[in-house]
Amino acid sequence: MQEELNQFERNDVWELVPCPPSQTIIGTKWVFRNKLDDQEEGIDYDETFAPVARLEAIRILLAYSCFKNFKLYQMDVKSAFLYGIIQEEVYKLKKALYGLKQAPRAWYDRLSSFLLQNGFIRGKVDTTLFVFEKGQDCLLVQIYVDDIIFGATNDSLCKKFSKLMQGEFEMSMMGELNFFLGLQIKQCQEGIYISQSKYTKELLKKFSIEEGRTVSTPMATNVKIDKDEKGKSMDESKYRGMIGSLLYLTAIRPDILHVVCLCARFQSNPKESHMSAVKRIFRYLKGTIQYGLFYPKNENFSLKGYSDSDYAGNIDDRKSTSGSCQMLGNRLISWFSKKQNSIATSTAEAEYIAAGSCCAQVLWMRQQLRDYEVEENFLDLITKPSNNLKPVRP
């Protein structure tokens, strides 16, 4: 608490004014519990939106650093929200406090303005990406609230950036990037390895799946998951906790995404069969704790998209499921598995819906790559209704 008070003084957070006539000074204190009275929109705040980097954007930066063969570093801003300048009049505050709804936006405006004033260019698609160019070299900065990832084709630019940031904000320099948003990141000579082994071990311990046998696949191929209305009901709270934990794990484990999304459809009324399917996922994870993604260095950087779908795979409503993934060279960047919104009347229609979703993601990635000054001369769009299908190159 004393450190927080020191931050208030160093950052000139509030304005001291004489006590107005006929008014009594009211004391304040910190109460460590949930607040009862929320801020009111239009009175205490107006705009609150603050951009946050997508996980795909983080993976693109990791892949690009491998392609260009440079290291990534990490820094953290101490008490970041206290640097944000609020526009509304709130309790005579000049800077944002933690807990104010507009605090994240105020901090983003403060940081982005500082970077733009110092020659950085903001990304047109991802506004949390900032690029600084000097000759043939470039410095890339990715913002995730108060965590900052950066790297450059010339290491001297990284040193200058660190000095620049430390001159304006109080920073914690964390060295090479090795842990970010729960992801374990290992930068080695051959490339970058990304995993969530620590988180996986914590999940197995949390849900008491440390003992018992392992399985080689997350889902049996001959099993169809449906509502199972006659089955035995299970604890909704526990089931939702398991699904939520697994969904976070899919950020780096595409091998479990499909079955986790299938099981997530039955959170409102889970049955014993659904719980068995979820426990099988955990037994699969027990034998594959070290699985992760590997991004090799110095390989091609061509953008490719793959899509596929089943036809009427959902037993309950006959809807199909789309699946796709996008890659930069041999580096897997994004993936998804999603039940389609409408009922496809043919296998071709189901494939077209899946391909359309894949194209939307590929177009976003191509626009993002332009901020990296990577111009794609062609796009490989590969679907899988036939083994003889040729890549389409628009």
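Analyst: Two strands are said to pair if DSSP finds at least two bridges between them. The model discussed here is predicted. In it, strand 4 and strand 5 pair in the antiparallel sense over six bridges, and they form a hairpin with two residues between them. Val-145, in the turn, has a positive phi of about 60°.

User: How do you know that strand 1 and strand 5 pair, and in which sense?

Analyst: The threshold is at least two bridges, and strand 1 and strand 5 have five, in the antiparallel sense. Asp-76 stands opposite Asp-147 in strand 5. Asp-147 is also the bridge partner of Tyr-144.

User: What makes strand 1 and strand 6 a pair?

Analyst: Four bridges join strand 1 (residues 72–77) to strand 6 in the antiparallel sense, where at least two are required. Val-77 faces Met-171 of strand 6.

User: Why are strand 2 and strand 6 said to stand at the edges?

Analyst: The open sheet has six strands in the order 2-3-4-5-1-6, with antiparallel pairing. Strand 2 (121–122) and strand 6 (171–176) each have a single partner strand, so one side of each lacks a neighbour in the sheet.

User: What makes strand 5 largely enclosed by the rest of the structure?

Analyst: Buried means under 20% relative accessible area. Six of the six residues of strand 5 are buried, so the strand is largely enclosed. Both faces are covered: Asp-147, Ile-149 and Gly-151 are buried on one side, and Ile-148, Phe-150 and Ala-152 on the other.

User: Which helices lie across strand 5?

Analyst: Helix 2 (residues 55–68) lies across strand 1, strand 4 (137–144) and strand 5 (147–152), running at about 155° to strand 4. Helix 4 (residues 155–168) lies across strands including strand 3 (129–134) and strand 5, and runs at about 150° to strand 5.

User: Turning to another region, why does Ser-337 count as buried?

Analyst: The cut-off is under 20%; Ser-337 has 15% relative accessibility and therefore counts as buried. This residue is found in strand 13 (residues 331–339).

User: How do you know that the side chain of Ser-337 makes a polar contact with the side chain of His-258?

Analyst: The two side chains are 3.1 Å apart at this contact, and the limit is within 3.5 Å for a pair of N or O atoms. Leaving aside neighbours within four places in sequence, Ser-337 is in contact with residues including Leu-257, Cys-261 and Thr-321.

User: Which residues lie nearest the centre of the second largest pocket?

Analyst: They are Pro-254, Leu-257, His-258, Phe-336 and Ser-337, out of 17 lining residues. The volume of this pocket is about 280 Å³. Helix 7 (257–264), strand 12 (321–328) and strand 13 each supply at least two lining residues, and strand 12 gives the most, with five.

User: What makes helix 7 largely enclosed by the rest of the structure?

Analyst: Seven of its eight residues are buried, so helix 7 is largely enclosed. Among them are Leu-257, Val-260 and Cys-261. The buried residues of helix 7 pack against helix 6 (236–249), helix 8 (272–286) and strand 13.

Terms used
Residues numbered from 1 in each chain as written. Predicted model: local features only at pLDDT ≥ 70, side-chain atom pairs only at ≥ 80, totals over all residues. Heavy atoms only, no water. Buried < 20%, exposed > 50% of the residue type's maximum accessible area, 1.4 Å probe, protein only. Polar contact = N/O pair within 3.5 Å; in protein donor to acceptor, adjacent residues only side chain to side chain. Contact = heavy atoms within 4.5 Å. Axes fitted to C-alpha atoms, helices over the stretch in contact; angles between N-to-C directions. 1 Å grid on protein atoms, 1.4 Å probe; cavity = no way out; pocket = protein on both sides within 12 Å on 5 of 7 lines; lining within 4 Å. Points joined across faces, edges and corners; volume = space filled by probe spheres on them.
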